[in-house]
Amino acid sequence: MAIPGPGYSITMRIQAPPSAGAAGDLTTAVGRAGGVITAFDVVESTAQRMVVDLSANAQSGPHADEIRAAVDALPDVHVRKVSDRTFLVHLGGKIEIASKVPLRNRDDLSRAYTPGVARVCQAIAENPDDARSLTIKRNTVAVVTDGTAVLGLGNLGPAAALPVMEGKAALFKKFAGVDAWPVCLDTTDTEEIIRTVQLIAPVYGGINLEDIAAPRCFEIESRLRDLLDIPVFHDDQHGTAIVVSGALRNALRVVGKDISDCRIVVSGVGAAGNAIIRLLLHQNPADIIAVDIEGCVHRDRPGMDRNLAEVAAATNKAAVTGTLAQAVRGADVFIGVSAPNILKAEDVATMADDAIVFALANPDPEIDPLAAQAHAAVVATGRSDFPNQINNVLAFPGVFRGLLDAQARDITDAMLLAAADAIANVVSPEQLNASFIVPSVFDDRVAKAVAAAVAGAATRQGVAGDPVDERTQTAAVGETV
Ligand SMILES: NC(=O)c1ccc[n+]([C@@H]2O[C@H](COP(=O)([O-])OP(=O)(O)OC[C@H]3O[C@@H](n4cnc5c(N)ncnc54)[C@H](O)[C@@H]3O)[C@@H](O)[C@H]2O)c1
């Protein structure tokens, strides 16, 4: 059952009698209706009445309506207005552009804009690589979507996807100092998306693809990687794969197993499942069995598309067929990126001793984590109200920080694995236990560790750019002296 949380948080402006018991009546009414009070502020007080702002967390929109009705039903109490605090956060958008340079007088203008800027333009025209040091390209990422797979809500279109992309941009800035900008495209045509991203690429040091539905997302990413000289990263695929790999590494430490001895079942072979399987294969598990809505993926299964055929060719050595329940029998690890409530507690009971269950379907996991805990040694979900939250924010800010710092032109699987190891290693041996296999998203060591690991791997892989051009650096120093 959902519990009241800040995602459904309301503030009610309430007029009440100035009696001694009025405040108690209000808070009792909210509590009885199942709301959790987070603030109580008196905004007006006279001998005749009291006006208060009462903030409370609810479980859902309809539950918030019930809380309001419970307060309104009190004698001589009137709810004047209800504000949805989540909507208030989004009013006018969540990010803005700020100038980094002073624009106080004519001198400032002449340097930041014309005529001074002309010399900088000419320098870049002579040496296009200078754009990486003399423009926002150095620190800016495009967050590109077509709005076809927004959160778990499906195809909402580009405008409705914008609040998510703005949020992503805010996280990029907060956790890694990366300037990210939402680019919501009004097309679902693969060729148009590829061409449009290619046309806007000069401004950006990296492309973060977001919430683009499978299987189109695979072709868009792979074609853009070939076309562009900046890294292209689909977070729903690789961000998830990085965090899952890091979490699995620590979960295996907790149960004392080596991945090379483990049979891993991956439920869901969409954007997330495909990338997870690909990254796990680099780590040489004993076997992986992929399962989708039609059952186990195996070489003889008819009607598979190219992605599924590639997965089938690289997995399921034991040629297991049938249902998810059949696949998990004896398995060491279950990773779900598929659909809610498709794994039963009795299925987990048939897994190997010290089983690991990552049930990541959002918002409702493949199995209730409490039911899974009855038979598994380590359980993780995508939810913030259980331990071991597998959250992509552990990966993407640091990944792009590292890519931008290294001026990387590409991103490789070795860099994704380095990021996964970095996340795992932020959890010290003393901290590690079954309820703490990944660090907190607010641990500021995470993005720094991931960035350093990605930048180091970029250099080792030969995809890092040249160090900042000495000529432009000298010019910049000369200006400030
Ligand atoms: N960090 C996280 O917690 C995290 C990250 C990424 C995705 N997810 C969740 O994973 C799920 C999948 O995301 P995606 O982007 O890969 O979606 P997707 O639509 O690309 O793929 C969904 C896959 O699940 C399979 N599937 C659907 N119903 C199934 C069923 N009843 N039994 C078995 N397989 C079934 C489909 O065949 C498909 O292979 C979503 O719920 C998403 O929210 C969580």
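In the predicted model, helix H11 lies across strands E9, E10 and E12, and its direction makes about 175° with that of E10. The strands in question belong to an open sheet of 6 strands with mixed pairing, in the order E11-E10-E9-E12-E13-E14. Strand E11 (295–296) and strand E14 stand at the edges of this sheet; each has a single partner strand, so one side of each is left without a neighbour in the sheet. Within the sheet, strand E9 (residues 263–267) and strand E10 pair in the parallel sense over 5 bridges. Val-265 has Ile-289 of E10 as its bridge partner. A further helix, H10, lies across strand E12 (333–336), E13 and E14, and runs at about 160° to E14.

The UniProt record, an unreviewed entry, places the feature "binding site" at Asn-362 and Asn-391. Although these positions are spread over 30 residues of sequence, they cluster in space, the largest C-alpha distance being 11.0 Å. Asn-362 is found in the loop between strand E13 (355–359) and helix H15 (369–373), whereas Asn-391 occupies the loop between strand E14 (376–381) and helix H16 (396–405).

Asn-362 is classed as partly exposed because 13 other C-beta atoms lie within 10 Å. When neighbours within four places in sequence are left aside, Asn-362 is in contact with Gly-152 and Gly-382. Asn-391 is likewise partly exposed, with 17 other C-beta atoms within 10 Å. With its neighbours within four places in sequence again left aside, the contacts of Asn-391 are Val-243, Gly-382 and Val-441.

A separate description applies to the strands numbered E1 to E4. These 4 strands form an open sheet in the order E2-E3-E1-E4, and the pairing is antiparallel. The edges are taken by strand E2 (36–45) and strand E4 (78–84); each has a single partner strand, so one side of each is left without a neighbour in the sheet. From one strand to the next, the twist averages 20°. Strand E1 (residues 5–16) and strand E3 (residues 50–58) pair in the antiparallel sense over 9 bridges, and Ser-9 stands opposite Asn-57 in E3. Helix H1 (residues 22–32) packs on this sheet, where it touches E1, E2 and E3, and its direction makes about 20° with that of E3. Helix H2 (residues 61–72) lies across E1, E3 and E4 and runs at about 20° to E1.

Methods
Residues numbered from 1 in each chain as written. Predicted model: local features only at pLDDT ≥ 70, side-chain atom pairs only at ≥ 80, totals over all residues. UniProt positions renumbered as here; feature names shortened; annotations may be inferred. Helix = DSSP H or I, 4+ residues; strand = E, 2+ residues; numbered from the N terminus. Buried ≥ 20, exposed ≤ 12 C-beta atoms within 10 Å, placed from the backbone. Contact = placed C-beta atoms within 7 Å. Pairing = 2+ DSSP bridges. Axes fitted to C-alpha atoms, helices over the stretch in contact; angles between N-to-C directions.
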